[in-house]
Amino acid sequence: MSRKRNSFNLEYFSGYVVHWLCIIVFVLLTMSAFVFTRYFSKDYQEEIPHNRFDFLSLPIALLIGMLLLISVKRILKEEARRERNLRLLLIIVLGWSLIFGTVWVLLARSEPVSEQIMVVTSAQRFLEGNYGRLEYGKYLFYYPFQLGLAAWEELVFRIFGANNVTAFQLLNAMGATGSIGIGYCIVRQLFQERKTAVYYLLLSGICFPLFIYSAYVYGDVMSILLSMLGIWQFLRYVKKGKKSSLIFLTAGIAGAAILRNNSLIVLIAICLVLAVQMLGRRRWQYGICILILLAGVAGSKQILNRYYEQRAGMKLNDGMPYVLWIAMGMQEGEKEAGWYNGYSIYIYQDVCKYDGLAAAAIGRAEIRSRANELLLNPAYGLDFCWRKFTSQWNEPTYGCFIMTYASAELGGDDKTGIRERSSAGDKLYTGAFHTCLRGFMDAYQLLIYAAVLFLLIRKRKDKEPLEFYILLIGVLGGVLFHMMWEAKSRYVLPYFVMMLPMAAGGLYQMQEMIQGRGMKDEAAKAGR
């Protein structure tokens, strides 16, 4: 009997720790979003996250919340039609997401630049049998982890045409829509109330950063889709014992990790929950699940690498040591604390002449030096961490405008086939519509953070199973990882999407509290 109690306590204690860590994080997020905001200049010349005080976000967030409350009441007004209305709303939101993303892609005509164009042209060269980018000193020699994204783009170009970047963007629009649909399935797994599902769909329907990133020629949107798929299948496996879910779970996380290495945070979150439940519930099959999951993710990477090594007739380089990104993430820069400053390239290329071991040693020494500096100067250390934290998590567009702003010059671009942006498309980035959308995103961000915080406060005494926190464990992992790694607000978007189901639960709790207070007031008046 005592052994059972101890086993249960292990899971409960883990959930308790996660719960209060999340409360601390979301207090910081909510308070910072209430007081000020981070933003990029409208001239799109430099990716510098400026800072300004902004108290307008609160009244707008309250207005959005009130409109959502009214909408939920109307949608679920008739008891007999609630499930029907919910399914109809799902279709409407999915359709809206696909239409908005498609229209944005066609009007924005965003051109891949910087990292995007390097991967795009690598994929195009693969189609021609040219593997020069894998050779010494070339792009994929530095960054072999981009090979998965290049493989995905090669497949898209092979099907739709070597210069058809628009097809890739339209697939992103479909991926964003799929993410919302899978998020809906996650909500139905985590929460019993239909109102929570309605709140989720309404919140997802106004998640404009996700839609706008459809135009970004990179792996962000598709990796979000696959990560959400993995989380959904994990919940089906744990809650319903669906063994077939293990296949889709492994495929989803492996695919997400191939497209974006940062998706490994979701893998770690799932494995940690499975490990705790394996020990706490004495379900040793969860250990086998962890092994299958790890083998599937690692194996898929190895299969991909061996495939391209065979095609290219050369061995892939190990690439730039990851420790250099951590070292750079602890430095000041022209943009902001921890943002890209060229350190990693300088050490790997110029100082160490592509010697990975030597570069890693220098990176570790830099980390120790900066850690000592931050610890010996606690006021500066706190200021550095705060600036790095808010520059990523307090920028409400998550870089969706500045990362997709580039467009082709008059006459188009021979490499991508993208035409010059029209005047209507230009207004998406510079006009009044753009200004309103940015302001809306600022208030929307505050609403999401506050709603998650409210859910955590309301459930502080509830003993939820550990899998209930899977999305927030992913968010916690994102906070910790990106406090160490190179900073960028774009990196936060996947975790923001993961917050939406929990924010929906928070809005439901707010509604219940408001209605409960109203019922108490009516009862008090009747008693008089």
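1. A cavity is taken here, on a 1 Å grid over the protein atoms alone, as a set of points where a 1.4 Å probe fits but cannot get out, whereas a pocket is an open set with protein on both sides within 12 Å along at least five of seven lines, and lining residues have an atom within 4 Å of a point. The model is predicted, so that local features need pLDDT of at least 70 and side-chain atom pairs count only at pLDDT 80 or more, while totals for chains, interfaces and linings use all residues. Residues are numbered from 1 along each chain as its sequence is written, and side-chain values use heavy atoms, with hydrogens and water left out.

2. The second largest cavity has a volume of about 80 Å³, a volume being the space filled by probe spheres set on the grid points, which are joined across faces, edges and corners. Its lining includes Tyr12, Tyr16, His19, Lys459, Arg460 and Asp462, and by class the lining has 3 nonpolar, 2 polar and 5 charged residues. Ala, Val, Leu, Ile, Met, Phe, Trp, Tyr, Cys and Pro count as nonpolar, Asp, Glu, Lys and Arg as charged, and the others, Gly among them, as polar.

3. The largest cavity, at about 150 Å³, is lined by 14 residues, among them Ser223, Asn262 and Tyr495, which belong to those nearest its centre. Helix H10 gives the most to this lining, with 4 residues; helices (H or I, at least four residues) are DSSP runs, numbered from the N terminus.

4. H10 (residues 220-240) also packs against H12, the two axes coming within 10 Å and crossing at roughly 10°, where axes are lines fitted to C-alpha atoms over the stretch in contact and angles run from 0 to 180 degrees between N-to-C directions. The two helices H10 and H12 are therefore roughly parallel to each other, a term for angles under 35 degrees. In the contact (heavy atoms within 4.5 Å), Phe234 and Val238 are among the residues of H10, and Ile270 and Arg281 among those of H12.

5. The second largest pocket has a volume of about 620 Å³, and Leu21, Leu476 and Gly477 are among the residues closest to its centre. H20 gives the most to its lining, with 7 residues, and the lining has 22 nonpolar, 2 polar and no charged residues.

6. The rings of Phe26 and Tyr449 have centres 6.3 Å apart and planes at 75°, so the pair is edge-to-face (centres within 6.5 Å, planes over 60 degrees apart).

Definitions and conventions
Angles under 35 degrees count as roughly parallel, over 145 as roughly antiparallel, 65 to 115 as roughly perpendicular and the rest as oblique. Rings of Phe, Tyr and Trp (its six-membered ring) pair if their centres lie within 6.5 Å; planes under 30 degrees apart count as stacked, over 60 as edge-to-face and the rest as tilted.
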